[in-house]
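Please look through the sequence and the model together before reading on. The report below moves from the whole chain to its strands, and then to a few single residues.

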Amino acid sequence: MIVFDLRCGNNHVFEAWFGSTEDYEGQSARGLVACPICDDRVVEKAVMAPAIGLKGNQQAHHLARKEELRTLALMQAELESRCDYVGDRFVDEARRLHAGRSSGGPDRTCPNETPCSEPAPQRGIIGEATIGAALDLIAEGIAVAPLPFRSRHRADA
Ligand SMILES: [Zn+2]
């Protein structure tokens, strides 16, 4: 068995085990190697400084960096699971959601059988916007933030 550090199209770095280098190349060519975080099938061997020859602190730094990226990617995956992907309609949807929240619109009804005063938890949205459009939203008081990685929902990802 041999372990490789692989990197997907969204820059997630992960480890995968293969019987041999040929095994990896064969599986990768057939699109069988998928990123565990975003399921991207476009993976390549991450260019890593070889562990041998690295000083202890460099190696620790390298591992810490990899762990940070992984944590960030997992946070995004968790966030995406709690949001609806709206693609290019993001700017319109953000304004619509914001207007609905300010006016206490129908989105705020309680889902319980015995209604309570708690507003229903609302799902967030993820989508595409130009930087200019995102800045416009922020100026309007609508909270938006960029994702660290490309969304796994993007069709052209
Ligand atoms: Zn990935």
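## The chain as a whole

In this predicted model, the protein chain contains 4 helices and 5 strands.

Of the 157 residues in the protein chain, 13% count as buried.

An open sheet is formed by 3 strands, which lie in the order 2-1-3 and pair in an antiparallel way. Its edge strands are strand 2 and strand 3, the latter covering residues 43-45, and each of these pairs on one side only. On average, and with direction ignored, neighbouring strands of the sheet are turned by 45° against each other.

Strand 1, made of residues 2-8, is joined to strand 2, made of residues 13-18, by 6 bridges, and the two run antiparallel. Within this pairing, Val3 has Trp17 of strand 2 standing opposite. Strand 1 is also joined to strand 3, by 3 bridges and again in an antiparallel manner, and here Cys8 stands opposite Val43 of strand 3.

Why does Asn11 count as partly exposed? Asn11 is placed in that class because 16 other C-beta atoms lie within 10 Å, whereas a buried residue would need 20 or more and an exposed one 12 or fewer.

A second case is Asp39, which is not a glycine either and yet has a positive phi of about 65°. Asp39 is located in the loop between helix 1, residues 21-29, and strand 3. Is Asp39 buried or exposed? Since Asp39 has 11 other C-beta atoms within 10 Å, Asp39 is exposed, the limit for that class being 12 or fewer.

## Helix 4 and the glycine after it

Helix 4 spans residues 131-139 and is hardly covered, for the count of buried residues among its 9 residues is 0. After helix 4 comes Gly141, which has a positive phi near 85°.

Conventions. Residues are numbered from 1 along each chain as its sequence is written. This is a predicted model: local features need pLDDT of at least 70, side-chain atom pairs count only at pLDDT 80 or more; totals for chains, interfaces and linings use all residues. Two strands pair if DSSP finds at least two bridges between them. Axes are lines fitted to C-alpha atoms, for helices over the stretch in contact, and angles run from 0 to 180 degrees between N-to-C directions.
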